[in-house]
Amino acid sequence: MAVFRFAALCYAAILLLTYHRQYSRPWLGVVVLAGMLGWSIVTAVAYADPGRRRWPLLGVDLFITLLSLLASSWVIPRDMLRHGSPTLPMAWVAGGVLAWAIAGGRRWGVFAVFLVGVVDLTLRGSITATTLNGTVLLLLAAFCIGYMIKVAGEAEARMQRATELEAATRERERLARGIHDSVLQVLALVQRRGTELGGEAAELGRLAGEQEATLRALVGVTPFRTSEGSCDLRSFLSPFASATVTIASPATAVPLPCATAAEISAAVGAALDNVVQHTPPGTRAWVLVEDEPDTIVVTVRDDGPGIAPGRLAEAAAAGRLGISQSVRGRLRDLGGAVAITTTPGEGTEVELRVPRKLP
Amino acid sequence: MTAPVRVLVVDDHPMWREGVARDLTEAGYEVIAAVGDGTQAVRVGRSLRPDVVVLDLQLPDLSGVEVITALCADQSPWRILVLSASGEQQDVLDAVKAGATGYLIKSAGREEFLEAVRRTADGDAVFTPGLAGLVLGEYRRLATAPASDAPVLTDRETEVLRLVAKGLSYKQIAERLVLSPRTVQNHVQNTLGKLQLHNRVELVRYALERGLDS
């Protein structure tokens with residue numbers, strides 16, 4: 001901005017030098033130009049501090065700009081102005097207008113152009129092609145700059161949010177590492193020694209083991225959302241991990257639309273609840289996540305006694321919904337399929353297949 | 001009587017280090033050293049040549065992966081069992097690709113741990129369901145990558161890995177697929193071998209591209 005003001009000032013000075021013979025009061029022109037120089041310096045310093053880019057300064061800025069424009073009527077003869085001669089400050093008026101556009105956006109920029117246009121009109125007495133041309137150009141510039149500032153401001157705000165998020169994630173990772181290096185190790189150790197000692201210590205060990213699994217899932221460093229705005233299925237399933245439930249998944253994110261990931265997670269939760277309800281305590285379960293090119297396959301297997309043939313259909317027929325409704329229903333909504341395989345004595349396997357629809 | 005298996009224990013947590021060393025000694029292993037950081041692990045490992053390295057992935061100086069890479073740089077077959085308290089999956093996968101032959105979560109019981117060390121000493125790969133899931137995922141990732149020389153799994157290997165990932169024991173898998181447990185073990189081993197070979201080729205290629213061979 002400051003650079004523009006000084007460049008425009010040079011232009012105004014050249015104009016004054018060229019036309020001073022035809023002007024009615026060239027000495028006043030020099031005074032006005034000196035004032036413009038002074039004000040250019042003041043604004044260059046004042047606008048450098050973001051805290052001062054407020055209405056008092058902006059108001060004074062536009063006022064002085066209009067004043068310099070008005071001063072033209074005492075310096076330049078009316079006839080010349082009427083015939084489209086350049087005003088005294090010429091392009092310099094744009095400085096104040098653009099400052100308004102930058103600080104206040106499109107609307108205030110346009111308002112400033114309007115004020116300048118009105119003063120210009122009163123100077124010249126009638127609308128000439130030059131005035132109109134100048135005003136339209138100024139209007140365009142103010143409008144564009146106002147718009148660009150708005151876009152830039154939004155981009156900066158978004159950047160700020162992203163940076164904050166990143167900082168939060170990093171802090172979380174730092175905490176996770178800390179917990180990982182100390183608490184988890186000790187809990188795992190207590191679990192191990194406790195189990196070896198037996199009796200009451202074994203019970204303590206078991207509790208420590210459960211806490212360890214919970215804490216590990218909690219501080220897991222898998223981010224919830226991936227960069228493309230979809231969700232990582234792994235982050236939905238990792239909370240299911242416990243002393244009896246093992247999650248196996250790829251090392252890289254499994255991106256899915258968030259709603260799909262949540263539905264799959266709910267279906268897995270229902271299948272795991274089913275394991276708890278229908279198998280003896282201590283039955284272990286495994287969840288395998290596979291990311292195939294066009295399908296997501298999630299398998300929940302347990303090593304319980306299995307389901308006798310016909311039991312599922314029987315349960316559904318008797319109005320007990322359980323696995324049929326909550327798992328099959330959810331998968332049907334996602335356009336997927338459920339396959340349940342069970343062998344008495346060898347556990348049950350629930351395989352969920354969901355077609356990958358790119359978000 | 002055969003000489004006892006010589007083990008190097010690397011863990012930065014003193015209580016863990018002692019606990020693991022005691023368990024191993026009680027089970028008849030010879031713990032030749034128990035160290036707490038990666039630099040020491042590489043130095044001691046190279047000079048003492050243990051039969052088995054039990055390695056924690058979380059170390060204060062070098063990462064577990066760097067230790068494995070440094071040890072395996074001499075091209076001889078190292079037997080490294082990785083212990084990790086975390087589910088830091090990428091770390092585990094990287095460790096296995098760099099040359100670790102087994103992985104066990106730290107909360108595994110004493111018996112499970114000793115069994116894993118025994119199998120590592122025998123030269124068998126020690127897979128948990130979690131590791132099988134990671135390896136499956138890695139092969140799928142490589143399959144979608146543009147490189148044409150990426151390793152692929154045979155149908156049988158995929159089948160075996162999926163069953164391992166679903167928590168079946170080698171014995172159960174062998175029964176289900178009508179194979180011998182040894183064959184199941186070999187399939188698992190192969191999946192790891194191909195991945196490690198690919199990793200080494202990639203490292204060499206990377207070095208050549210960067211002109212580090214000169």
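Hi everyone, let's start with one residue: Val327(A) is buried, with a relative accessible area of 1%. Buried here means under 20% relative accessible area, while exposed means over 50% and partly exposed is in between, using a 1.4 Å probe and protein chains only.

Before going on, a quick word on the model: it is predicted, so local features need pLDDT of at least 70, side-chain atom pairs count only at pLDDT 80 or more, and totals for chains, interfaces and linings use all residues. Residues are numbered from 1 along each chain as its sequence is written, chains are lettered from A and ligands numbered from 1 in the order in which they are written, and side-chain values use heavy atoms, with hydrogens and water left out.

Back to our valine. Val327(A) sits in helix H11 of chain A, residues 323-333. Helices are DSSP runs of H or I with at least four residues, strands are runs of E with at least two, and both are numbered from the N terminus. Which residues does Val327(A) touch, leaving aside its neighbours within four places in sequence? They are Ala267(A), Ala270(A), Ala271(A), Val338(A), Val350(A) and Leu352(A), where contact means heavy atoms within 4.5 Å. Arg301(A) is 26 residues from Val327(A) in sequence, and their C-alpha atoms are 14 Å apart in space.

Staying in chain A, take Ser40(A), which belongs to helix H2, residues 26-46. Is Ser40(A) buried or exposed? Its relative accessibility is 0%, so Ser40(A) counts as buried. Beyond the neighbours within four places in sequence, Ser40(A) contacts Arg5(A), Phe6(A), Leu9(A) and Trp92(A).

Zooming out, chain A is assigned domain 1 (2-160) and domain 2 (222-359); such bounds come from an automatic or database domain assignment. Taken over C-alpha atoms, the centres of these two domains of chain A are 68 Å apart.

Now for chain B. How many helices and strands does chain B have? There are nine helices and five strands, and along the sequence they follow the pattern β-α-β-α-β-α-β-α-β-α-α-α-α-α. Chain B has a radius of gyration of 17 Å, which agrees with the value near 17 Å for a compact globule of 214 residues. That radius is taken over C-alpha atoms, and the globule rule is 2.2 Å times the number of residues to the power 0.38. Of the 214 residues in chain B, 53% are buried.

Chain B also divides into domain 1 (6-126) and domain 2 (131-209), with C-alpha centres 21 Å apart. Their contact takes 16 residues from domain 1 of chain B and 14 from domain 2 of chain B.

Finally, let's look at two helices. In chain B, H4 (residues 89-98) and H6 (residues 129-144) pack at about 75°, with their axes 10 Å apart. Axes are lines fitted to C-alpha atoms, for helices over the stretch in contact, and angles run from 0 to 180 degrees between N-to-C directions. H4(B) and H6(B) are therefore roughly perpendicular. Angles of 65 to 115 degrees get that label, under 35 is roughly parallel, over 145 roughly antiparallel, and the rest oblique. From H4(B), the contact includes Val92(B) and Leu93(B), and from H6(B), it includes Leu131(B) and Glu138(B).
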